[in-house]
Amino acid sequence: MLLTSSDYRRFDELDEALPLRFGRPEDWPSLVATKLFDGEWFPVCSPAFLVLYPAVASENPKAFLDVPVLHLTTQPGAVDSWESWIGTERELDGLRFTSFLSMMVRPSRGAALPSPGRATLRSTFG
């Protein structure tokens with residue numbers, strides 16, 4: 001079985017032959033961590049959301065501090081969180097989802113922060 005997760009607490013709970021986790025090696029100091037690839041995150045939103053919150057079209061990440069954002073459920077300080085991307089310690093409000101696909105059902109409810117591979121689902125999100 002191959003199961004990927006950002007939930008570091010479940011390493012010992014599942015019968016995994018090869019456990020993979022997403023994040024930074026310093027997130028798991030007691031484990032062996034090998035970098036597999038680089039990641040890049042950037043905000044996306046529906047055209048309707050952009051009309052309501054035109055400031056998010058700027059190149060300033062702080063523009064997302066006061067708008068609704070859609071979160072993937074991640075551990076605090078995760079590299080793929082809005083807080084890490086913006087560079088803030090402030091916890092941001094917004095709906096939380098366990099997968100990017102479930103997040104896409106609500107595109108007008110907030111901006112999302114996908115990785116490049118997930119952003120190719122533009123036709124569903126827009």
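Select Ser81 to begin: at 6% relative accessibility, Ser81 counts as buried (buried means under 20% relative accessible area, exposed over 50%, partly exposed in between, with a 1.4 Å probe and protein chains only). Before going on, bear in mind that this is a predicted model, where local features need pLDDT of at least 70, side-chain atom pairs count only at pLDDT 80 or more, and totals for chains, interfaces and linings use all residues. Residues are numbered from 1 along each chain as its sequence is written, and side-chain values use heavy atoms, with hydrogens and water left out.

Stay on Ser81 and show its surroundings. Ser81 sits in the loop between β3 (71-72) and α2 (82-86); helices (H or I, at least four residues) and strands (E, at least two) are DSSP runs, numbered from the N terminus. Leaving aside residues up to four places away in sequence, Ser81 touches Thr74 and Leu113, a contact being heavy atoms within 4.5 Å.

Next, select Trp41, Phe49, Val56, Phe64, Leu65, Val67, Val69, Trp82, Ile86, Leu92, Ala111 and Leu113. These twelve residues form the largest nonpolar core, that is, a set of buried Ala, Val, Leu, Ile, Met, Phe, Trp, Tyr and Cys residues joined through side-chain atoms within 4.5 Å. Now centre on Phe64: not counting residues up to four places away in sequence, Phe64 touches Pro43, Val56, Val69, Trp82, Trp85, Ile86 and Ala111. There's a second, separate core of seven residues too, and Leu70, Leu72, Met103 and Met104 are among them.

From Leu70, hop over to Phe100. The two are 30 residues apart in sequence, and their C-alpha atoms are 9.4 Å apart in space. Phe100 lies in helix α3 (residues 100-103) and is buried, with a relative accessible area of 7%.

Zoom out and colour by element. You'll find five helices and four strands, running β-β-α-β-α-β-α-α-α from the N terminus on. Of the 126 residues in the chain, 30% are buried. Take the contacts between residues at least 6 apart in sequence, and 53% of them join residues at least 24 apart.

Last stop: colour by pLDDT, the predictor's confidence in each residue, from 0 to 100. The chain's mean is 75, with 70% of its residues at 70 or more. Among the elements, helix α1 (residues 47-52) has the highest mean pLDDT (91) and helix α5 (residues 122-125) the lowest (41). Over residues 118-126 the pLDDT is below 50, and this stretch has 15 contacts in the model beyond near neighbours in sequence.
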